Amino acid sequence: MAVQGRAALPIVPPPVLDERLSSWLARVADHYLVTVEELQAHVGWTLPLMELERRPAGADLERIAQATHFPVVRIAAMTFLDATERYLNLLRQDKRDTCPACSSGLTRAPLLKSSAFAFGFWCPWHRRLLFGAGGQGLSMLCDESAAREGTKLLEDWARGTTDDRLIPVGDAVSLLLSSRCPPTPPAPWELARLSPVERKRDAERLSRRCRRPILSLVVPEFDIAVPVCDQQVPTDIAGLVSALRAVRYAVAIGLARLMKSPAPVIARILAGSDPAARARVAARIGRWPSAFQRGLRMPPHGRPRMNRKREMA
Ligand SMILES: [Zn+2]
């Protein structure tokens, strides 16, 4: 293939549904046995591929449309042109989670736009869990319905279709990521799954203090899925982009549980936190919409008395 000039490409593999522009252009380059950079030199778009996908320039889209005979509007739909800043901040641009069914018959697995979102765990067409690196511990987090509910809440929040004054999604995630007590070294039972050889080999790493996020109080199975010394739970939402898939999945589960039953979940959080964390939690919840405080009565020391009727329900 000539890499100079602006001749249209005679044959272009069609994009799959929901495919990202970067993924499609990589497959087009594969078709002509060239690199993406060589394809770029031929077609003439100017921005780096990841930037082109996040904030596409109209002239670049037109050049790609001309070279591929696809309408500009269809090329634009493969980018994150209309995404909110919040959604863009939660994109895992260079990750390669793929759907085996969508990849069937293709030499390069297509990457879907929805799977670039930090909480995009399933293929929207086949509804199956995406396959990718960093999936350790995921199989032990079995509450898929809660994970799907939490993912929906997070996606709506990131797209700006929920009212933050009514549903405090961002603040609830911050609560889950915050610490319930100062960092402590792993307890013996927390390392019970490791073999004696692993414990001896990694003795220094395993004796380090680990952060103790509130997430583990709301999703206790998370501590079984991922050993505390390997969790690396970020302290803020932005850090979730590079967190383990099991961490992100547990956050989705925790968010759904918190939003569905705030009273018992908050009671569990307060009971499992030290006094300083309890005070921070109580102050945070005090700023939440009244709908989420219904059923809770927060006394000055931060321990809620449960609404008896709701507790028994
Ligand atoms: Zn699929």
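pLDDT is the predictor's confidence in each residue, on a scale from 0 to 100. The structure described here is a predicted model. Over the chain the mean pLDDT is 87, and 91% of residues reach 70 or more. Confidence is highest in helix H12 (residues 215-218), at a mean of 97, and lowest in helix H18 (residues 308-312), at 42. Over residues 299-313 pLDDT stays under 50, and the model has 22 contacts beyond four places in sequence for this stretch. Where pLDDT is low, the predicted coordinates should not be read in detail.

The chain contains 18 helices and four strands. Its C-alpha atoms fill a box of roughly 70 × 50 × 30 Å along the principal axes. Of the 313 residues, 35% count as buried. Among contacts between residues at least 6 apart in sequence, 67% join residues at least 24 apart.

Two domains are assigned, domain 1 (21-116) and domain 2 (155-312). Their centres, taken over C-alpha atoms, are separated by 36 Å. Six residues from domain 1 and five residues from domain 2 take part in the contact. On the side of domain 1 that touches domain 2, two residues are nonpolar, two polar and two charged.

In helix H2 (residues 36-43), the buried residues are Leu-39, Gln-40, His-42 and Val-43. Viewed down the axis of H2, these residues fall within an arc of 165 degrees, so they line one face of the helix. The partners against which the buried residues of H2 pack are helix H1 (21-31) and helix H4 (58-68).

Ser-23 lies in helix H1. This serine counts as buried because 25 C-beta neighbours lie inside 10 Å, the cut-off being 20 or more. Apart from neighbours within four places in sequence, Ser-23 is in contact with Pro-110 and Leu-111. Ser-23 and Leu-111 are 88 residues apart in sequence, yet their C-alpha atoms are 5.6 Å apart in space.

Helix H16 (residues 275-286) has twelve residues, which at 1.5 Å a residue should span 16 Å; the end C-alpha atoms are 16 Å apart, in agreement with this expectation. Ala-277, Val-281, Ala-282 and Ile-285 are the buried residues of H16. Down the axis of H16 the buried residues fall within an arc of 135 degrees, so they line one face of the helix. An α-helix has 3.6 residues a turn, so residues three or four places apart point the same way. On the face of H16 turned away from the buried side are the exposed residues Pro-275, Ala-276, Ala-283 and Gly-286.

Leu-217 is placed in helix H12. With 20 other C-beta atoms within 10 Å, Leu-217 is buried. Not counting residues up to four places away in sequence, Leu-217 touches Arg-180, Arg-268, Ile-269 and Gly-272. Leu-217 and Val-16 are 201 residues apart in sequence, and the distance between their C-alpha atoms is 41 Å.

Terms used:
Residues numbered from 1 in each chain as written. Predicted model: local features only at pLDDT ≥ 70, side-chain atom pairs only at ≥ 80, totals over all residues. Helix = DSSP H or I, 4+ residues; strand = E, 2+ residues; numbered from the N terminus. Expected span 1.5 Å × (residues − 1). Buried ≥ 20, exposed ≤ 12 C-beta atoms within 10 Å, placed from the backbone. Arc of directions from axis to C-beta. Domains from an automatic or database assignment. Contact = placed C-beta atoms within 7 Å. Nonpolar A, V, L, I, M, F, W, Y, C, P; charged D, E, K, R; others polar.
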